[in-house]
Amino acid sequence: MSAIAPKFRFSYFLKSVLDNVFWIVTLFTLIGIPLVMILLFYIELPVINGNKLLDPYLALTTLADPSRQIPMLKSIIHSDFFRITAFPGFGFAALLAAATIFIERKMLAKLQLRVGPFYCGKVEGILQLMGDGLKLISKEIIIPAKADKPIFWAAPVLFVATAAAFVSLIPVASGGWVVADIDVGLLAVFAVIGFFPVITVLSAWSANSKFPFIGGIRALHQMVSFEIPLILSVLGIVILTGSLNLTEIVQSQDHYWWIVFLPIGAIVFFIAILAELERIPFDLPEAESEIVAGWLTEFSGMMYGLVQLGSYVKLYAFAALFVVLFLGGWHGPMVWPPFPEEIIQNGISMGPITLHLPGLPLLDQQMLNDVLWFVIKTMGVIFVILLPRGVFPRIRIDLLLHIGWYKLIGLSFVNIFIALGLLYAGVLGPGGIL
Amino acid sequence: MTTQLPPGLQLEKLNERIMTLNVGPQHPGSGHMRLIIKVDGDYIVSCDPDPGYVHRGEEKMAEYRNYIQNIPHLERPVIHDSCNVLYPYCLGVEELLGVEVPERAQYLRVIASELNRCVYIQYWLAIYGIFLGHSTMFMWPAGDRELLIDLLEKMTGARVTHAYFVPGGIRNDVPANFEDMCLKRVNYFEKRIKEYAAIFYDNPILISRTSGAGVLSRDDAIRLGTTGSTLRASGVDFDLRKKEPYDVYGELDVHSNVLKEGDSYARSKIPWLDMLESCNIIRQALQKMPKSGSVRVKLKPNPKGGNDEVYKRVESGRGSLGCYIVSRSKPEPYRVKMSVGSFRNLICMPYLLKGEKLGNMPAVYWSLNYWPVEADR
């Protein structure tokens with residue numbers, strides 16, 4: 001079902017888009033290009049091809065030449081900077097996090113028989129998140145008078161930074177599409193996760209207020225007691241793969257996903273990540289009716305926005321980790337169409353002009369297919385993480401600790417014994433049947 | 001200037017393990033009131049409810065207006081249960097003036113009052129849901145409540161503040177096709193609220209969280225003077241519609257819902273059972289109602305009561321709601337005193353919260369069926 005704002009006309013929407021395009025093109029042609037030309041006359045230009053001085057006209061054509069542009073793009077794409085900021089790193093994660101927020105709002109609204117974000121962006125409220133972001137940026141940041149200011153300021157930034165560090169360990173596609181491919185990747189993940197309770201308690205304590213303090217203590221209890229089943233539940237996979245490297249763990253699931261053999265581990269891991277992410281039913285550190293907003297109570301403006309961004313990036317990272325460990329990472333049937341050979345061989349003919357494009361394609365077919373499957377699986381896991389919010393009430397702290405320390409740890413030991421059984425029976429692992 | 005610390009803060013000074021939390025009035029987990037809670041770790045050491053933030057002097061205002069002028073402002077304490085709030089006042093004034101209400105008006109009063117009870121309980125349930133962090137249970141009752149609000153709008157002319165009951169009957173008759181419409185809506189509403197069991201009342205997390213929280217034993221419930229759903233959840237069968245039938249409730253088959261547990265879960269389930277029972281009563285009343293007839297006895301302008309006093313009580317959404325009217329042969333009442341269920345249920349809150357976990361505070365607090373504005377009047 002689609003819902004469109006009452007006064008919406010598709011023509012208005014097109015017109016507003018075309019208006020923007022018109023003004024951008026007009027201003028660029030009338031002001032931008034003459035400006036570049038004038039500037040270039042005053043700059044001493046290098047000699048190219050031995051005998052030709054580069055003039056302004058040639059400079060533009062050189063820039064637009066595909067044979068020069070494609071290698072440049074390729075070098076950018078394969079640079080570390082691009083990896084950290086854009087593709088497997090933070091930019092990709094933030095984009096998926098934004099999509100997550102939109103999906104969460106609309107899905108929850110459908111579940112609760114209402115419409116959800118509706119007006120902003122005219123179609124289904126797709127620009128609501130942007131509006132919220134602008135609102136948060138424009139709000140005044142209020143800091144409690146008795147707060148420990150440096151730590152209070154640093155906490156949201158540290159939170160986002162830690163979430164980004166977590167993202168950098170996730171392999172997204174085959175062929176080394178990961179920011180940090182380290183041999184003890186899984187240990188590094190748990191080392192990074194270990195920072196979250198510290199940051200939470202620091203921010204809660206530095207606010208010097210009662211409700212954040214209680215929320216911080218609750219978050220500490222919750223995160224510490226659920227980290228143990230979280231680590232124990234993936235031990236089975238480490239036993240069977242014999243590796244802590246996340247890329248190797250994905251490669252080991254070429255034929256069978258680990259969720260087939262270790263379903264108990266997957267369930268324990270899933271419940272533990274719900275608790276680590278402070279999502280309903282485990283959102284005690286932010287329990288509204290008990291302790292206002294928990295450890296987020298004193299944050300205002302963009303500081304709150306940063307914490308929310310960090311928590312959604314963290315949500316993506318945990319969902320991606322679940323995919324990497326249990327759902328076979330990027331493995332999936334090849335559905336991405338191959339890049340047409342004749343464009344590489346013959347170039348593109350447009351009337352009298354034939355454009356030769358050496359060096360294509362920019363990204364190979366395998367990698368794009370991997371990313372597609374990875375994103376599909378990750379969004380599926382995120383959807384299941386979001387779903388309990390519409391179904392469950394909040395749990396109580398003693399019940400939470402009881403689940404963490406008794407049930408989940410017991411189940412994760414069962415999971416380890418299943419893994420050991422499979423290993424010693426010679427079914428899986430090095431030299432196994434499968 | 002020497003400042004005397006209030007008793008609560010003295011306790012905090014004595015024992016530094018104890019922390020005082022002000023829950024309200026600027027707190028998402030309180031109504032228009034404040035709970036001064038002292039916690040030792042996660043356990044509540046003491047709880048001191050502090051109502052009075054929305055005191056409007058309704059009872060004093062009633063002494064300056066005549067019997068008819070009192071109608072619209074006396075329903076203000078609980079606007080979403082406005083028919084039931086006016087009910088005891090109208091019954092009392094009718095007895096003072098010696099007026100006999102026509103039978104059709106009595107049946108319509110029963111229908112309006114039961115519809116309004118459902119509207120109130122839906123609102124209450126929505127807040128109970130969000131207090132427990134269950135956002136779907138906030139949206140569903142708030143949406144389904146609209147069904148009955150629309151129906152009440154067709155019946156009375158106003159969505160929330162109906163001012164429908166007047167001494168001598170009801171303000172106006174219902175529209176022509178009202179009976180069919182009401183039956184259809186109420187049947188749909190009943191089907192809808194039965195779905196709440198699947199998502200809320202049978203939810204294992206809800207049961208594990210609220211059952212055993214804030215247990216009020218049968219004896220304590222009677223001793224502390226609780227009423228309504230709080231009393232019936234503790235195993236006392238006390239429903240005024242059955243015990244002291246007023247208007248035509250005596251002719252209807254009213255079943256009163258009683259649970260024995262006395263915990264927060266039972267207290268939250270009783271209103272839901274009451275809604276189902278209300279649907280039942282409405283169907284009976286629609287069947288037995290005379291199809292035509294007068295709905296209002298015309299009173300003299302500015303009627304005067306005798307030198308008399310009267311006490312009437314009805315079963316409202318929050319329990320027994322009494323109205324005591326003293327008349328001194330004047331157009332205005334000499335004194336109007338309302339005895340409300342909210343305040344009676346508030347009294348047992350410190351007893352229930354002592355020794356509970358902080359996480360149980362919203363579950364226990366809102367399960368008492370307490371509406372702060374009514375308690376303050």
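Let me start with one residue: Gly380(A) counts as partly exposed, because it has 14 C-beta neighbours inside 10 Å. On the cut-offs, a residue is buried if 20 or more other C-beta atoms lie within 10 Å of its own, exposed if 12 or fewer, and partly exposed in between, with C-beta atoms placed from the backbone. Gly380(A) sits in helix H18 of chain A, residues 365–386. Its C-alpha atom is separated by 35 Å from that of Val21(A), 359 residues apart along the chain.

Some conventions before I go on. This is a predicted model, in which local features need pLDDT of at least 70 and side-chain atom pairs count only at pLDDT 80 or more, while totals for chains, interfaces and linings use all residues. Residues are numbered from 1 along each chain as its sequence is written, and chains are lettered from A and ligands numbered from 1 in the order in which they are written. Helices (H or I, at least four residues) and strands (E, at least two) are DSSP runs, numbered from the N terminus.

Chain A as a whole, then. Chain A has 19 helices and 4 strands, and its C-alpha trace spans about 80 × 65 × 45 Å along the principal axes. Of its 434 residues, 35% are buried. Two residues are in contact if their C-beta atoms, placed from the backbone, lie within 7 Å. Taking the contacts in chain A with a separation of 6 or more, 78% are between residues 24 or more positions apart.

One helix of chain A in more detail is H14(A), residues 263–276. It has 14 residues and reaches 20 Å from first C-alpha to last, close to the 20 Å expected at 1.5 Å a residue; the expected span is 1.5 Å times one less than the number of residues. H14(A) is mostly covered, with 10 of its 14 residues buried. Among them are Val268(A), Phe269(A), Ile271(A) and Leu274(A), and also Glu276(A). After the helix comes Glu278(A), with a positive phi near 55°.

Now the interface. On the chain A side 24 residues are in contact with 27 residues of chain B. Helix H15 (288–291) and helix H19 (397–424) of chain A each supply at least two residues of that side. By class, the chain A side has 12 nonpolar, 3 polar and 9 charged residues. For the classes, Ala, Val, Leu, Ile, Met, Phe, Trp, Tyr, Cys and Pro count as nonpolar, Asp, Glu, Lys and Arg as charged, and the others, Gly among them, as polar.

A helix of chain B also packs against chain A. What do the buried residues of H6(B) pack against? They pack against helix H5 (90–111) of chain A, together with helices H5 (103–131), H7 (178–194) and H8 (196–201) of chain B. Those buried residues include Trp140(B), Asp144(B), Arg145(B) and Leu148(B). H6(B), residues 136–156, has 21 residues that should span 30 Å at 1.5 Å a residue, and its end C-alpha atoms are 30 Å apart, which agrees. Just after H6(B), Gly157(B) takes a positive phi of about 100°.

Next, the division of chain B. Chain B splits into domain 1 (7–50) and domain 2 (66–372), with bounds from an automatic or database domain assignment. The C-alpha centres of these two domains of chain B lie 31 Å apart. Across the boundary, 13 residues of domain 1 of chain B are in contact with 13 residues of domain 2 of chain B. On the domain 1 side, strands E2 (34–40) and E3 (43–50) of chain B each give two or more residues, and E3(B) has the largest share, 6 residues. That side divides into 7 nonpolar, 4 polar and 2 charged residues.

Last, a sheet in chain B. Three strands form an open antiparallel sheet in the order E6-E7-E8; two strands pair if DSSP finds at least two bridges between them. Strands E6 (307–316) and E8 (335–339) of chain B stand at the edges with a single partner strand each, so one side of each is left without a neighbour in the sheet. E6(B) and E7(B) are joined by 10 bridges and form a hairpin with 2 residues between them. Glu309(B) stands opposite Val326(B) in E7(B). E7(B), residues 319–328, pairs with E8(B) over 5 bridges, and Cys323(B) stands opposite Met338(B) in E8(B).
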